[in-house]
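This report looks at folds, domain contacts and a few selected residues. Please read it alongside the sequence and the coordinates.

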Amino acid sequence: MTMEREQLVTMFSVEKSFHVINKPIKSHSKRRIIANGLNKLSDDEKMSDDIFALTMNIFDRFILKYSQLINDHHCQLIALSCYSLAKKLRTNVLINNENEQTSWIFLNENYSDEEIFDTEQLIAETLDWDLSTVVPHDYIQLIFQAVLPNEVDQAKIRLHVHILLSLGICELNTLTILPSILCCACIKAALKGLSIVNIHQIDELLLKLIHCKKSELIQTQHMIEKLFQSCLQEIAPSPTRRCLAPIDTSNKTNTSPRVK
Amino acid sequence: MSRTDKYEKIERIGEGTYGTVYRARSLLTQEIVALKKVRLDDEDDGVPSSALREICLLKELRHPNIVRLLDVIHTEKTLNLIFEYCDQDLKKYFDSCNGDIDAKTVQSFFWQLLQGLSYCHEHSVLHRDLKPQNLLLTKNGQLKLADFGLARAYGIPVKCYSSEVVTLWYRPPDVLFGSAGCIFAELANGGKPLFSGESVDDQLRRIFKVIGTPTEENWPGVSTLPEYKPFSIYQPTLSLIHFVPKLNNKGKDLLLRCLICNPNQRISAVDALQHPYFSDIQSVN
């Protein structure tokens with residue numbers, strides 16, 4: 001077995017160990033607003049998209065496990081702390097020191113360092129330090145290598161896959177779909193949208209690679225396509241914008257204690 | 001008994017990338033452990049990212065050649081990481097054996113290092129700070145990779161892995177696997193580093209003098225890399241064999257393959273385990 005295949009096998013087993021089965025998924029009522037705000041924040045800070053995906057995964061798992069009531073202020077604080085944890089886990093910290101002082105403004109509230117660090121610790125303890133997990137973006141390159149050898153095709157659809165993934169993660173609780181299936185569904189939707197290759201051939205290869213039910217993959221793909229259609233209607237005048245529910249934070253940037 | 005009272009510190013044994021390390025005893029089982037204490041109030045950034053990475057990645061990695069994280073005890077002011085105890089690190093071992101390590105031990109340590117590394121790579125984890133101080137040894141001669149504070153999961157392509165992440169002397173031109181080769185050479189030489197550069201440029205010069213300066217011919221695309229700058233062209237010399245006189249021929253061949261500049265041609269940890277240098281160990285395993 002090649003190293004890539006072994007990595008895939010390990011990643012499947014990691015994602016399954018985090019997957020919630022036989023338990024109702026509890027989403028926070030403000031999840032969509034929170035996700036859109038975080039997506040914009042990570043975009044503004046030029047973080048790679050996997051950091052946003054990990055942030056939302058930590059957020060969704062925390063909400064599921066945390067039994068106390070969470071008001072809006074606390075919910076945003078939790079979201080920011082999840083983002084801070086994801087950055088600590090996935091950025092090249094020593095190289096990205098300059099990111100430390102970037103915007104911590106989120107919606108219309110300010111939070112102190114202490115509040116964020118205390119909440120980081122609450123999250124880490126609640127999730128028993130199981131914070132580093134697999135996100136859909138981790139699969140992109142491995143799946144490309146296996147099913148889409150043409151590098152020109154890869155480059156063409158990569159951006160589309162990233163946008164569809166961000167959209168999916170903004171709209172759908174990350175605990176409801178396995179990262180590998182969400183990644184494949186977005187790759188399929190992007191290939192179909194760009195009419196790049198024969199979808200039926202890709203279907204077989206993908207199913208063989210990730211061992212999921214065909215119906216599940218198709219259903220997820222349809223969900224992503226539907227989300228994409230409805231968002232195209234919402235944001236028709238500026239189709240390139242990533243953040244789908246615009247949140248204006250620009251007039252607040254000078255009031256944060258974090259901005260030096 | 002509160003959770004922090006479960007362990008009794010015996011003595012301070014060193015400083016990690018973050019926090020102090022103690023030899024300690026579990027009051028429940030009497031087992032000797034290593035306790036790494038991170039003071040949170042000294043930190044500007046809450047839980048340090050190195051501690052966070054170490055905890056989260058080590059929770060996933062369970063392998064005889066990777067140090068086991070046994071427990072995490074979190075109090076208001078400190079974070080205590082409890083690890084299995086190892087008697088010494090490879091650096092101290094080098095100091096104690098006065099430049100003479102027998103061939104069997106060299107082979108066994110390098111085999112174990114590669115086992116640990118290939119398990120990490122299977123789990124998409126890069127250690128990124130391989131050096132003798134981070135390789136621990138037990139009384140039974142087991143070698144364990146430790147200190148994952150600079151490690152990261154590498155599912156996605158990252159712009160640049162090198163720069164500042166690896167201690168200079170063990171930094172290969174690309175950090176992915178060459179560090180293992182440097183440690184192999186150091187093992188074979190009984191603890192003398194292969195390349196002991198004083199600065200980044202000096203280090204690269206010393207490396208290139210032995211293995212040749214990378215050029216477009218032997219590494220297509222090298223000149224387009226982000227931090228590329230032209231160096232004097234040194235021809236690859238076979239003098240590497242003079243650097244490791246005690247290593248047998250198969251070992252020298254493996255070392256050369258570990259130190260190839262172009263990462264696409266350099267041998268991987270998994271392939272290195274299949275190399276004839278290890279033929280006697282392979283037949284036992």
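## A loop residue in chain A

A:Lys46 sits in the loop that links α2 and α3 of chain A. Helices here are DSSP runs of H or I with at least four residues, strands are runs of E with at least two, and both are numbered from the N terminus. The phi angle of A:Lys46 is near 55°, a positive value in a residue other than glycine. Most residues other than glycine have a negative phi. With a relative accessible area of 71%, A:Lys46 is exposed. The classes are buried (under 20% relative accessible area), exposed (over 50%) and partly exposed (in between), using a 1.4 Å probe and protein chains only.

## Model and conventions

This is a predicted model, in which local features need pLDDT of at least 70, side-chain atom pairs count only at pLDDT 80 or more, and totals for chains, interfaces and linings use all residues. Residues are numbered from 1 along each chain as its sequence is written, chains are lettered from A and ligands numbered from 1 in the order in which they are written, and side-chain values use heavy atoms, leaving out hydrogens and water.

## Chain A: fold

Chain A has ten helices and zero strands. It has 260 residues, and 55% of them count as buried. Take the contacts in chain A with a separation of 6 or more: residues 24 or more positions apart account for 84% of them. A contact means heavy atoms within 4.5 Å.

A:Phe117 belongs to helix α5, residues 113-126. It counts as buried because its relative accessibility is 11%. A:Leu127 is ten residues away from A:Phe117 along the chain, and their C-alpha atoms are separated by 15 Å.

## Chain A: domain interface

Chain A divides into domain 1 (24-126) and domain 2 (137-235). The bounds come from an automatic or database domain assignment. Taken over C-alpha atoms, the two domain centres of chain A are 25 Å apart. Domain 1 of chain A brings 18 residues to the contact, and domain 2 brings 13 residues.

Together the two domains of chain A bury about 1300 Å², with 51% of it on carbon and sulfur atoms. Buried area is the accessible area (1.4 Å probe) that two parts lose on being put together, summed over both. On the domain 1 side, A:Ile25, A:Arg32 and A:Asp49 supply 34% of the area buried against domain 2, more than any other three residues.

How many salt bridges cross the interface of domain 1 and domain 2 of chain A? The rule finds two. A salt bridge needs a side-chain nitrogen of Lys or Arg within 4 Å of a carboxyl oxygen of Asp or Glu. A:Glu171 forms a salt bridge with A:Arg32, with the closest N and O atoms 3.0 Å apart. Between the two domains of chain A, eight residue pairs are in polar contact, both residues at pLDDT 80 or more. A polar contact is a pair of N or O atoms within 3.5 Å; within protein, one must be able to donate a hydrogen and the other to accept it, and residues adjacent in sequence count only if both atoms are side-chain atoms.

The most come from α3(A), with nine residues. By class, this side of domain 1 of chain A has six nonpolar, four polar and eight charged residues. Ala, Val, Leu, Ile, Met, Phe, Trp, Tyr, Cys and Pro count as nonpolar, Asp, Glu, Lys and Arg as charged, and the others, Gly among them, as polar.

## Chain B: domain interface

Chain B is assigned domain 1 (7-84) and domain 2 (88-283). In chain B, 17 residues of domain 1 are in contact with 21 residues of domain 2. The two domains of chain B bury about 1600 Å² between them, 56% of it on carbon and sulfur atoms.

The count between domain 1 and domain 2 of chain B is one salt bridge. B:Lys144 and B:Glu84 meet through their side chains in a salt bridge (3.4 Å, N to O). Eight residue pairs are in polar contact across the chain B interface, both residues at pLDDT 80 or more. Helix α1 (residues 49-60) of chain B gives the largest share of the domain 1 side, six residues. That side of domain 1 of chain B divides into seven nonpolar, four polar and six charged residues.

## Chain B: two loop residues

B:Gln30 lies between β2 (20-26) and β3 (32-39) of chain B, in the loop. Phi of B:Gln30 is near 65°, a positive value in a residue other than glycine. B:Gln30 is partly exposed, at 49% relative accessible area.

B:Thr138 lies in the loop between β8 (135-137) and β9 (143-145) of chain B. Is B:Thr138 buried or exposed? B:Thr138 is buried, with a relative accessible area of 16%. Leaving aside neighbours within four places in sequence, B:Thr138 is in contact with B:Cys86, B:Asp87 and B:Lys144.
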